[in-house]
Amino acid sequence: MTPHISLQSLPPIKESFFRHPTKKTIEMAGSVVAVTIALLMALQAPIATTTRLRKLQSTREQLAHAAVSASLAQAKSALAAISSAAESVAPLKPGESMVLRDCLTTMRDSVQKLQKSQGEMGEGKAWVENARTWLSAALTEDNMCADELQGVDLAGRREAVRGLVVLAARRTSDALALISNLGSSSGIEP
């Protein structure tokens with residue numbers, strides 16, 4: 001049985017809690033840890049019916065699918081921005097065209113891997129591992145492009161273009177975390 005701890009019974013934590021710990025703030029930390037442990041225990045407590053378990057798993061899978069879709073949409077947006085920058089009439093500095101070509105290639109690869117990840121979802125027992133593999137590869141592509149864009153100016157558009165790529169990497173990372181969580185909850189270890 002999970003102990004009942006009311007969040008309202010805990011005093012609010014202030015910034016001074018972290019800067020100047022006192023006996024009282026250390027006791028508060030113990031209360032916060034107790035609440036955290038109670039919440040974790042509640043989350044891991046057996047669910048009463050298989051119907052509730054199926055609904056929870058289905059919701060988690062839907063969230064993971066939505067995260068992969070959001071990641072794919074963002075990667076496509078970043079790819080379009082890179083393509084636009086590559087085709088612009090603004091003069092680029094030496095080497096910038098090559099960086100853009102490399103980024104176009106890596107972001108196209110990322111989009112393809114995200115599409116494969118999306119296609120894997122819900123297919124048999126190994127889908128979580130397969131989707132995780134494709135997402136991990138797409139994240140590597142996103143990060144490579146973001147790193148390459150750091151060293152160019154792109155006629156003043158670097159931050160806008162790179163920001164889209166970084167956002168794609170964050171969305172892919174979020175999707176990867178959700179898929180990995182699904183895998184660990186179903187017994188598939190990362």
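The legends below describe close-up views of a predicted model.

In this model, residues are numbered from 1 along each chain as its sequence is written, and side-chain values use heavy atoms, with hydrogens and water left out. Because the model is predicted, local features need pLDDT of at least 70 and side-chain atom pairs count only at pLDDT 80 or more, while totals for chains, interfaces and linings use all residues.

**View 1**
The chain holds six helices and zero strands, where helices (H or I, at least four residues) and strands (E, at least two) are DSSP runs numbered from the N terminus. Of its 190 residues, 30% are buried, that is, under 20% relative accessible area with a 1.4 Å probe, counting protein chains only. Among contacts (heavy atoms within 4.5 Å) between residues at least 6 apart in sequence, 77% join residues at least 24 apart.

**View 2. Confidence along the chain, given as pLDDT, the predictor's confidence in each residue from 0 to 100.**
The mean pLDDT of the chain is 75, with 63% of its residues reaching 70 or more. Helix α1 (residues 16-19) has the lowest confidence, at a mean of 42, whereas α5 has the highest, at 94. Over residues 1-23 the pLDDT is below 50, and this stretch has 21 contacts in the model beyond near neighbours in sequence; residues 25-34 also stay under 50, with ten contacts beyond four places in sequence. Where pLDDT is low, the predicted coordinates should not be read in detail.

**View 3. The disulfide between Cys103 and Cys145.**
A search of the whole structure finds one disulfide, defined as a pair of cysteine sulfur atoms within 2.5 Å, and here the sulfur atoms of Cys103 and Cys145 lie 2.3 Å apart. The pair links distant parts of the chain, with Cys103 in helix α4 (residues 96-120) and Cys145 in helix α5 (residues 127-149), 42 residues apart. The torsion about the S-S bond is about 120°, so the disulfide is right-handed. Cys103 counts as buried at 0% relative accessibility, and Cys145 is buried with a relative accessible area of 0%.

**View 4. The largest nonpolar core and the surroundings of Met107.**
This core, a set of buried Ala, Val, Leu, Ile, Met, Phe, Trp, Tyr and Cys residues joined through side-chain atoms within 4.5 Å, has 38 residues, and those with the most contacts inside it are Ile82, Met107, Leu149, Val165 and Ile179. Two or more residues come from each of α3 (50-87), α4, α5 and α6 (158-185), and α3 gives the largest share, ten residues. Leaving aside residues up to four places away in sequence, Met107 touches, among others, Ile82, Asp142, Cys145 and Val165.

Key. Buried < 20%, exposed > 50% of the residue type's maximum accessible area, 1.4 Å probe, protein only.
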